[in-house]
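Here's a quick briefing on a multi-chain model, grouped by topic.

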Amino acid sequence: MAEYTLSRRALLMLLGAGAAAPALAACGSSVGGGSGSGGEEGGPVKVGLVVPQSGVYAPLGTDMQRGWDLWLQQHGNRIGGREVTTVVADEGENPQTGVPAVQRVLQADQVDLVVGLVNSATALGAAPLMSEAKKILVVANAGAADITGKARTPYVWRTSFQNAQVAAAAGPHLAEQNIPGGVFLIASDYAAGTEVRAGFKAAYEAAGGRIAGEASPPFGTTQDYQPFLAQIRQSGAGAVFCFFAGAEAVRFVQQYAQFGLKDSVPLYGSGFLTEGGVLDAQAEAALGVRTSLFYTDQLDNPANRAFVEAYRAAYDDAVPTCYSVSTFDAAAVLDRALGAATALDGDSVSAALGGVGSIDDSPRGPWTFDGQNPLQTMYLRTVEGTPGQLVNAVTADLGQKAQV
Amino acid sequence: MTGWLAANLLSVLNGLAIGALLFVLAVGLSLVFGMMDVLNLAHGALFLVGAYVAAALVGGGASWGAFLGALGLAAVIGLLAGGGLSAMTEPLRRRSHLDQALLTLGVALIVAEVLQIVFGDDPLAVPAPPGLDGSVSLLGAAYPTYRLALIGVGAVLAVAVHVLVERTTLGALIRATVADREMVAAVGVDNRRVKIAVFAAGSMLATVAGVLGGPIYGASVGLDSTVLILALVVVVIGGLGSVRGALVGALVIGQIESLGRALLPDLASFVLFGALALVLVLRPQGLFGSRAGAAA
Amino acid sequence: MTEVSARTEEVHGAMDDPGTGSGPPPARPRWVVAVPVAAVVVVLAAVPLFLAPFATTTLTRLLVFGLLAVSLDLLVGVTGLPSLGHAAYFGAGAYAAGWVSIHLTAAIPVPLLVGAAVGGLAAAATGWVAVRSAGVYFLMLTLAIGEVLAQVAQSWDGVTGGANGLAGIPAARLGGESLTGAGFLYWYVLGVGLLAFTAVWLLARSPFGAALRGIRDNEPRMRAIGYPTTLYKYGAFVAAGTVAGAAGSLLAAQQRLVTPDDLGFTTAAIILLAVVIGGAGSLWGPVVGAAIVVLVRDALGPGLGGHGELVLGIVFVLVVYLLPRGAAGLTTLRPSRRRRT
């Protein structure tokens with residue numbers, strides 16, 4: 001067709017023009033390798049903070065940004081001696097928005113590092129982008145095993161948790177109690193729920209426990225848990241271990257109480273069940289619910305007391321969550337790594353992250369990297385207090401746990 | 001075995017409660033579509049408005065005053081919103097359903113975003129009013145009292161809507177409009193006023209359903225689209241534009257969401273849309289459908 | 001190419017003009033169409049030389065979704081079948097192309113052909129029941145099919161990676177070289193996109209396309225004059241699914257990740273609205289519509305502090321009132337309303 005020959009000729013002309021007149025390329029060119037920004041020692045560092053500002057994960061995004069901002073505020077806006085510029089981008093709910101957001105900070109804002117990410121699929125989709133750009137991504141929430149497992153790259157580190165790590169911590173503790181009838185496992189029907197069920201089941205059975213039954217309610221579309229609660233009652237289980245987050249956590253905990261299971265079958269879960277804003281909404285239905293997690297604002301250590309106080313002062317008496325701490329700690333490890341690294345490129349920073357050693361002043365207690373994921377103490381937490389002022393009190397120290 | 005039977009009977013009962021709520025939600029969507037030929041994708045957002053009104057008024061402490069106040073306020077908001085939507089869709093009268101879908105989905109996105117800005121990102125809960133917040137023992141298991149009350153409310157509303165549409169002059173006008181809009185206009189009835197009335201009433205039922213559903217569903221970001229899809233499924237399974245169809249559709253979906261998930265837990269994620277596909281393959285017009293809506 | 005929408009009335013001389021309300025177009029010399037088309041192609045081809053990588057990446061994404069919108073327009077605008085499940089075939093093609101790239105080869109054109117074939121097969125397997133319904137029932141039946149397929153993607157961990165998605169898709173390869181640069185990937189997507197667009201355009205101009213428009217405007221009459229209308233609609237459905245599958249393979253190459261969200265309700269709804277925004281039936285209008293939607297949601301959205309959806313909602317409302325014929329209506333510069341009979 002005529003237009004195709006025309007286009008080819010015109011394209012050749014334009015190619016020539018483009019080569020002859022670099023001024024035309026003022027807004028850059030997408031052909032050929034991109035160049036990294038300056039990395040001289042002591043120079044500024046630009047960080048892309050990609051967290052959800054819209055959609056169902058927005059509350060997590062707020063906490064994550066606060067954790068990040070608080071650390072910078074306490075350290076004169078410098079990480080590893082470098083002046084920090086933070087570019088915030090909205091991760092949204094899923095990879096359709098999350099991956100372009102990472103691309104945006106990498107390519108348009110030319111950041112040196114990326115921090116954040118709640119959605120595991122987004123983190124897995126961002127990993128190859130980071131590898132190709134040879135820049136570091138510090139995942140501050142997304143818990144999929146593959147991120148630091150099967151899809152591991154030296155450029156992706158995680159300061160939060162691995163889904164199975166959190167659930168597995170509760171396994172031996174429940175097995176020790178010899179629960180009559182065993183434990184019923186219930187988790188949303190998607191990848192994270194499957195990892196939680198597998199992680200808990202392996203740890204619990206290895207310690208001699210028996211699984212009474214399993215259920216996986218549809219993810220994102222289940223408003224009513226009655227059919228699954230009936231299944232739990234039927235199974236004769238002596239306890240339940242569950243994984244739900246956000247609005248689903250609120251509905252599950254409330255309906256668990258409404259259907260009379262709360263008093264007869266103790267409810268356990270991964271800590272996200274009762275972490276943050278969902279706890280207020282669950283109100284008295286949450287009282288007595290026990291969860292495993294690497295943090296609670298009730299932890300009694302000097303670093304956490306100072307952190308909680310500063311956080312409440314900075315953010316209108318809001319209480320920090322595990323999401324705030326993961327991002328706060330992301331800044332803390334980057335501070336150590338950038339202080340040691342000679343340049344900002346991914347290889348230098350990755351090597352430096354490998355050598356940061358133990359983070360002793362973290363609000364969650366001391367932790368170290370183990371395979372690019374935290375080796376950290378897990379706590380068993382029990383919901384206590386009165387509605388409006390519920391807290392996750394520390395019930396037991398479940399010991400140092402690595403990813404599984 | 002008796003335990004299994006009792007548990008499933010309880011699931012059937014629970015399906016009635018969910019079905020009652022779905023009927024209140026979906027009948028407005030069905031009437032607006034069947035009568036006024038407007039595909040209102042803002043219906044889920046209206047439900048969410050009701051849910052947030054309930055969370056704001058009742059969330060602080062459950063009392064009958066607060067709950068009834070929330071119902072009243074939500075009803076007024078629904079009436080006004082329905083009038084507004086009716087006016088907004090008026091210029092689109094002769095355009096395709098897809099244009100209406102574009103407009104109403106745009107409105108839905110804006111409303112949901114404004115709700116998120118006003119009420120924050122965290123999911124909110126709505127306690128049931130006093131006296132209904134406990135549970136009763138049924139077939140050897142505890143069952144929330146509020147859900148039993150919901151079955152009653154749904155039944156009353158179903159009868160009221162049925163009587164209104166089938167037995168009153170206004171109802172006759174509405175049914176005539178469904179059957180032949182041009183003819184009704186030709187005998188001198190102002191179509192637009194019927195449309196505003198039906199739209200306002202249908203939207204009011206959506207916001208009221210949001211308040212009624214509050215103690216079960218709560219109020220959270222994203223609830224609007226889940227509920228909208230459920231309502232569309234109900235309406236399409238039952239057949240568009242008939243009160244009876246909406247009722248049957250709601251009861252069927254209530255059972256599928258409750259008993260279906262109890263009997264087929266491994267296929268829980270598939271049963272809703274599997275059932276929809278099955279019904280439409282066997283009966284392409286829905287269970288009680290007329291030809292209305294067959295032409296987009 | 002604006003002729004396409006206005007050619008309705010040429011259907012075998014048997015049709016009057018019920019749909020668009022526009023009379024026959026005045027005869028125009030070929031260059032009136034050819035010159036702007038050539039100019040657009042030249043500008044599109046030259047873009048990576050002048051734009052920064054992120055702008056090129058965004059434009060690549062626009063092209064991918066643009067092609068998806070074109071394939072859907074074959075159903076919505078040409079055949080009159082508004083599908084709310086079209087993302088299923090897009091996603092099926094994307095998964096297939098991604099899987100082939102990971103496990104067999106990422107060498108062009110293997111993933112593209114596999115993606116198109118799987119998209120077409122998925123449409124062939126599900127289309128026969130879908131095309132027998134019409135209107136809102138067709139809308140809901142395709143929604144149900146799409147949601148069931150999305151759930152399959154969600155549950156079939158071993159192949160699809162479940163909710164975490166199919167990650168780690170290698171870059172497309174051409175002659176042993178990986179297309180990692182934003183510009184080269186763009187040219188690949190642009191090339192495939194132009195070819196596929198031309199194919200759909202030719203199909204819509206063919207006697208087959210004319211019959212589809214006849215079915216859209218008056219199916220009983222087409223049946224009465226001897227057309228097997230269900231078979232024609234099925235053909236359109238499979239063709240649209242094939243092109244959507246090809247677009248899906250481009251998504252796999254661009255996003256390097258495929259997740260259940262890519263074939264779910266949101267993608268299906270967004271792309272259907274993109275067709276409406278662009279102007280159903282014009283084929284090129286939906287490309288503009290998809291560009292608007294994806295630009296607002298994916299490119300501007302992340303920088304709007306979480307208010308991307310608010311802006312999208314406002315755009316939808318404004319388009320309905322200000323562009324009654326969609327973006328495609330802008331070229332005709334006539335104030336008449338669509339579908340006013």
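Let's start with one span of chain B: residues 146-165 are 100% helix and 0% strand, and the end C-alpha atoms sit 28 Å apart. Helices here are DSSP runs of H or I with at least four residues, strands are E runs of at least two, and both are numbered from the N terminus. Keep in mind that this is a predicted model, where local features need pLDDT of at least 70, side-chain atom pairs count only at pLDDT 80 or more, and totals for chains, interfaces and linings use all residues. Residues are numbered from 1 along each chain as its sequence is written, while chains are lettered from A and ligands numbered from 1 in the order in which they are written.

**Confidence**
- The predictor gives the complex an ipTM of 0.88 and a pTM of 0.87.
- Chain C has an average pLDDT of 84, with 88% of its residues scoring at least 70; pLDDT is the predictor's per-residue confidence, from 0 to 100.
- In chain C, residues 1-24 have a pLDDT below 50, and that stretch has 47 contacts in the model beyond near neighbours in sequence. A contact means that the C-beta atoms of two residues, placed from the backbone, lie within 7 Å.
- Residues 333-341 of chain C are also below 50 in pLDDT, with 12 contacts beyond near neighbours in sequence.

**Chain A**
- Chain A has 12 helices and 14 strands.
- Of its 404 residues, 62% count as buried, i.e. 20 or more other C-beta atoms (placed from the backbone) lie within 10 Å of the residue's own, against 12 or fewer for exposed and in between for partly exposed.
- Take the contacts in chain A between residues at least 6 apart in sequence: 69% of them join residues at least 24 apart.
- UniProt (unreviewed entry) puts "domain: Leucine-binding protein" at residues 44-384 of chain A; its positions follow the numbering used here, feature names are shortened, and annotations may be inferred rather than shown by experiment.
- That span, 44-384 of chain A, is 43% helix and 20% strand, with its end C-alpha atoms 45 Å apart.

- The unreviewed UniProt entry lists several "transmembrane region" spans in chain B, including 146-165 and 229-251.
- Residues 229-251 of chain B are 83% helix and 0% strand, and the end C-alpha atoms lie 16 Å apart.
- The contact between the two chains takes 34 residues from chain B and 35 from chain C.
- On the chain B side, α4 (97-119), α9 (223-238) and α11 (268-282) each supply at least two residues, and α4(B) gives the most, with 11 residues.
- That side of chain B splits into 23 nonpolar, seven polar and four charged residues. Nonpolar covers Ala, Val, Leu, Ile, Met, Phe, Trp, Tyr, Cys and Pro, charged covers Asp, Glu, Lys and Arg, and the others, Gly among them, are polar.

**Chain C and its contact with chain A**
- Here 45 residues of chain C touch 47 residues of chain A.
- On the chain C side, α2(C) gives the most, with 10 residues.
- The residues on that side of chain C are 22 nonpolar, 17 polar and six charged.
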